[in-house]
Amino acid sequence: MHKALVYNSVSLFKWIDNLEYITFNFSGSSYTITREHCPLNKNIEQKINDNEFVSDRMKLFETN
């Protein structure tokens with residue numbers, strides 16, 4: 001799930017110029033990230049399978 005959150009966040013911020021934040025809601029929890037905290041990295045496809053990269057990026061999400 002964390003890989004999907006990071007990948008989808010980067011993708012959405014790249015595609016939608018005026019998107020300022022994203023909140024993903026799941027039963028029991030939600031994850032929010034802002035554009036300024038999102039790692040808009042050109043090589044996300046190569047790094048998304050690196051568990052340490054994903055773990056570090058998940059620290060940028062606010063959880064509720």
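Which residues touch the most other members of the largest nonpolar core? Let's walk there together.

First, a word on the model. This is a predicted model, where local features need pLDDT of at least 70 and side-chain atom pairs count only at pLDDT 80 or more, while totals for chains, interfaces and linings use all residues. Residues are numbered from 1 along each chain as its sequence is written, and side-chain values use heavy atoms, with hydrogens and water left out.

The protein chain has three helices and three strands, in the order α-β-β-α-α-β along the sequence. Helices here are DSSP runs of H or I with at least four residues, and strands are runs of E with at least two, numbered from the N terminus.

Of its 64 residues, 34% count as buried, meaning under 20% relative accessible area with a 1.4 Å probe, protein chains only.

Now, back to that core. It holds 16 residues, and Val-6, Met-58 and Phe-61 touch the most other members. A nonpolar core is a set of buried Ala, Val, Leu, Ile, Met, Phe, Trp, Tyr and Cys residues joined through side-chain atoms within 4.5 Å. Helix 1 (2-15), strand 1 (21-26), strand 2 (29-34) and helix 3 (51-58) each give at least two residues to this core, and helix 1 gives the largest share, four residues.

Look at Phe-61 for a moment. Leaving aside residues up to four places away in sequence, Phe-61 touches Leu-5, Val-6, Ser-9, Phe-24, Tyr-31, Thr-32 and Ile-33; contact means heavy atoms within 4.5 Å.

Notes
Buried means under 20% relative accessible area, exposed over 50%, partly exposed in between (1.4 Å probe, protein chains only).
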